[in-house]
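Thanks for coming. I will go through one model this morning, and I will keep to the geometry.

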Amino acid sequence: MGKLKIAVYWAASCGGCEISVLEIHHHITQLMDAADLVFCPCLVDTKYADVEAMDDDAIDLCLFNGAIRTEENVHLAELLRRTSKTLVAFGACASAGGIPGIANASTLEALMERVYLTTPSTDNPDGVMPQPSTDMGEGVRLTLPKLLPMVKALHHVVPVDYTVPGCPPEGKQVWRVIEAVVSGDLPPPGAVLGAGDRTVCDECRLEKRDTKITAFVRPHELIPDNTTCLLEQGMVCMGPATRSGCDARCPDVNMPCRGCYGPAGDGFNEDAGLKMIGVLGGLLEPGNEDALRSLMDEIADPVGTLYRFGLPGSMLGRAAQAPGNRDDAE
Amino acid sequence: MAYEPKLLGILCHWCSYSASDAAGAARLSVPANLRTMRVMCTGRVDPTLVIQALQRGADGVLICGCHLGDCHYNSGNQRALGRFHLLSRLLADLGLEPDRVRLEWVSAGESERYAELAHHMTKRLRNLGPFQWPTLDTATTEVIRNG
Ligand code: SF4
Ligand code: SF4
Ligand code: SF4
């Protein structure tokens, strides 16, 4: 067998997923022995035209990271689907929409206005807005890809063979996935690779003592006792609703889990945010109506807290994509 | 045909389900829009169930349990209240209509209030119109799930 052809592409991405491929450390030499990087705009100088010229299934493995935010992202998703034998949604953004997906809590118009006109650090007195096409004179026209009305995950636009969760996926898990592809020892398509099938709590060393929550705190407000479950100390730790696989690295260093490995269980049917509300409800110190409500009001930003890495892929996030349901016209 | 909302009632066994029974026995008018589901306690109502009901065709959900202090399991309804409150905040932040989901306390003796609530909630849903579940990506999700 010749060398495998591998592509790593970033759509609406931060670049962290590319870095996580390097986190396989010394295995990188093994990877380079077994495979050629045929397309990776972050690391090698290849052009879209090179991929457009490729035959169907010419690439053995494509690690596609980043969410689908622009028409360019859709084009590359379709192109890499056609040219890749195995297409992997790599990282939280490609798997479920990731951080960029929180934008779906707002409308595109509100978002553009906020970013380009009204943030405290914006200085744009002429109200210049980015345009998909600008005539520069002398026959020169500059174009930018159009934004989609909503952020999507990769599987919302093309069929995906495997999902590797994490923001970014953990190095050890990345290597496990590459090994599986190189050896051909893969589960049937549709599976989640590079993660466990339990919850972060399951891998967490902190102890649960059945303490009820009397107040919620944010990570900067408390130096936690590092032997006790953070949730029971009042931090919203997404561990109970999040898929295992990262060795509970955040709670291990006193940071609550933010849920980057996606919902535990059968990911496509579970909604981590809703599960987490269920968990939180069971942990509140009993009290009267007002006390219970104001305790829940202490949780800042429910969308950003409960769906930090997967609003577009979640059950509730999909409901918010039907324009008829939205009561906010602005 | 005029739009008729579908309302799911989730009733706790000890109080609200008895109220609904009594409403039936007393021949009180309860709209046919309401379909009920009995649970042992509102503390069992995972928010996932509520949203799944909307996903599968309900236009609204009415959760009824014992008054605070009367819970057969002491604090089940307190859990329900906390969950419901956070769920409402979440729905509002996502631009979804929190009015589609409602939590009320209905004791076994309050069959008239139960019937009124059902009418009131049905009217509210009639005004809101159907809840739409987007089909845009379910086809692909289906493909992936089934390999
Ligand atoms: S999953 Fe995380 S690391 Fe990867 S592109 Fe998205 S934000 Fe960056
Ligand atoms: S809730 Fe968080 S801190 Fe507590 S056991 Fe689970 S992962 Fe660990
Ligand atoms: S603890 Fe949670 S947020 Fe941290 S890496 Fe693991 S899954 Fe991600």
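Which residues are around ligand 1? They are Ser13(A), Cys14(A), Gly16(A), Cys17(A), Gly91(A), Ala92(A), Cys93(A), Gly166(A), Cys167(A) and Pro168(A), where a residue counts as near a molecule if one of its heavy atoms lies within 4 Å of it. Two elements of chain A, helix H1 (16–22) and helix H5 (91–96), each give two or more residues to that shell. H5(A) gives the most, with 3 residues. Helices here are DSSP runs of H or I with at least four residues, strands are runs of E with at least two, and both are numbered from the N terminus.

By class, the shell around ligand 1 holds 6 nonpolar residues, 4 polar and no charged. Nonpolar covers Ala, Val, Leu, Ile, Met, Phe, Trp, Tyr, Cys and Pro; charged covers Asp, Glu, Lys and Arg; the others, Gly among them, are polar.

Before going on, the conventions. This is a predicted model, in which local features need pLDDT of at least 70 and side-chain atom pairs count only at pLDDT 80 or more, while totals for chains, interfaces and linings use all residues. Residues are numbered from 1 along each chain as its sequence is written, chains are lettered from A and ligands numbered from 1 in the order in which they are written, and side-chain values use heavy atoms, with hydrogens and water left out.

Now a helix pair between the chains. The axes of helix H11 (residues 289–297) of chain A and helix H3 (residues 76–93) of chain B come within 9 Å and cross at roughly 45°; axes are lines fitted to C-alpha atoms, for helices over the stretch in contact, and angles run from 0 to 180 degrees between N-to-C directions. The contact (heavy atoms within 4.5 Å) includes Leu292(A) and Met296(A) of H11(A), and Leu81(B) and Arg89(B) of H3(B). The residues of this contact divide into 4 nonpolar, 3 polar and 5 charged.

Last, the sheet in chain B. It is open, with 4 strands in the order E2-E1-E3-E4 and parallel pairing; two strands pair if DSSP finds at least two bridges between them. Strand E2 (34–39) and strand E4 (101–105) of chain B are at the edges with a single partner each, so one side of each has no neighbour in the sheet. Neighbouring strands are turned by 20° against each other on average, direction ignored.

Strands E1 (residues 7–12) and E3 (residues 60–65) of chain B pair over 5 bridges, and Ile10(B) stands opposite Ile63(B). Helix H1 (residues 16–25) of chain B packs on the sheet, touching E1, E2 and E3 of chain B.
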